[in-house]
Amino acid sequence: MKIGRFTLEQLSEGFFELFKDGTFSKMDPARLNNAAEDPTLGRYSSALGIDPLLISDGTTHIVADAGLGWGLDQKSLYNETSNLITNLEIFGLTPDDISIVILTHLHYDHAAGCTRVDSSFKTTPTFPNARYVVQKKEWEFALKEFQSKSEISGADYRLDELFRLAADERFEFIDGNKTLTDGIDLILTGGHTPGHQIVKITDGIQMAYFLGDLIPTEHHLNHYAMKTLDFSPLEAKKSKTLILREAYREQAQLFFYHSLFNKNGLLAKDRNRNYILKEERR
Ligand SMILES: [Zn+2]
């Protein structure tokens, strides 16, 4: 879809099953047709999508969140897997064309695609010409968590590869809200992690938000607490309330990172004043 000079496209890596120990596996979407009878779904695992966002004005190409990046590595087991690079090809772009990677936060499922292992088995940035924009608070928190090895399913940091980016000074650490470029704002929300940020895209009239894990799917619109997943449920609730109120008023397009089916849309309210998702504006 278009917002002013920007084209926004979701780069879907497909369907995944997230197990309670934090591991992911690729999932056959057909299993969702029979989810109630599935032996693991819901009990031991949950199904989710992984959908980074491409924001492009034709000259500057930006990726928001980097996905799991399966299949990027040399000798990867997942050669036929959809990842950022295979998705960009669809839009005639190569990794060299990306100049900015925005990271909502550094959890593995959002940041693993930032790097890959090249043919000489060296860790290299997936996007050689990009700066990787992340909140300073997020990096500091990730370092602390990584050292203390506290493990929460689906909310873990695996920094070994990202240290390479840090050593090569590829990160741009920012401190709070920031206008990245005319029409693209980064908003520090905290909540899910202390340094979690979301992306607002606007031409002054139309608005869109890329919500990261503040609101991971359309099913989280009215569920304010993700007690097991959010670092500070209270802060998450406060940020969600504010952003949703704003997005409803603006009739902004919302882009979800983990949805299975309704990956984007506009906000409406049902009879009980709960938020629901309307169809995409064309
Ligand atoms: Zn997360």
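Glu246 is partly exposed, with 31% of relative accessible area (buried means under 20%, exposed over 50% and partly exposed in between, with a 1.4 Å probe and protein chains only). The structure is a predicted model, in which local features need pLDDT of at least 70 and side-chain atom pairs count only at pLDDT 80 or more, while totals for chains, interfaces and linings use all residues. Residues are numbered from 1 along each chain as its sequence is written, and side-chain values use heavy atoms, leaving out hydrogens and water.

## Salt bridges

Glu246 forms a salt bridge with Arg249 (a side-chain nitrogen of Lys or Arg within 4 Å of a carboxyl oxygen of Asp or Glu). Both residues belong to helix H5, where they are 3 residues apart, about one turn of the helix (helices, H or I, of at least four residues and strands, E, of at least two are DSSP runs numbered from the N terminus). Arg249 is exposed, its relative accessible area being 60%. Elsewhere, salt bridges with shared partners join Glu17, Arg31 and Asp38 into one network.

The model has 11 salt bridges by this rule. The table gives three of them.

| Glu172 | Arg131 | 2.3 Å |

Which parts of the chain does the salt bridge of Glu172 and Arg131 link? In the bridge between Glu172 and Arg131, Glu172 is in strand E12 (residues 171–174) and Arg131 is in strand E11 (residues 131–135), so that distant parts of the chain, 41 residues apart, are linked. Arg131 is partly exposed, at 32% relative accessible area.

Glu250 is buried at 15% relative accessibility, and Lys200 is buried with a relative accessible area of 13%.

## The zinc site

Which residues are the protein donors of the zinc ion? They are His105 (through NE2), His107 (ND1), His192 (NE2) and Asp213 (OD), which lie 2.1 to 2.3 Å from the ion. Donors are N, O and S atoms within 2.8 Å of the metal, or 3.2 Å for Na, K and Ca; water is not among the atoms, so sites may look incomplete.

The angles among the 4 donor atoms run from 87 to 177 degrees, and the site is irregular.

Along the sequence, the spacing of the donor residues is H-x1-H-x84-H-x20-D.

## Sheets

An open sheet of 3 strands, in the order E4-E3-E5, shows antiparallel pairing (two strands pair if DSSP finds at least two bridges between them). Strand E4 (24–26) and strand E5 (45–49) are its edge strands, each pairing on one side only. Strand E3 (residues 15–19) and E5 run antiparallel and are joined by 5 bridges; in E5, Gly49 is the bridge partner of Phe15.

Another open sheet has 7 strands in the order E1-E2-E6-E7-E8-E11-E12, with mixed pairing. Strand E1 (2–3) and E12 stand at the edges with a single partner strand each, so one side of each has no neighbour in the sheet. Within the sheet, 4 bridges join strand E6 (residues 53–56) to strand E7 (residues 61–64), and these two run antiparallel. Leu53 stands opposite Ala64 in E7.

## Residues with positive phi

Gln251 is a residue other than glycine with a positive phi, near 50 degrees. Gln251 lies in the loop between helix H5 (233–250) and strand E17 (253–255), and is partly exposed at 24% relative accessibility.

Arg273, likewise a residue other than glycine, has a positive phi near 65 degrees. Its place is in the loop between strand E18 (264–269) and strand E19 (275–278). Is Arg273 buried or exposed? Arg273 counts as exposed, at 57% relative accessibility.

How values were computed. Four donors count as tetrahedral if all angles lie between 85 and 135 degrees; four count as square planar and six as octahedral if opposite donors are over 155 degrees apart and all others between 65 and 115; anything else is irregular.
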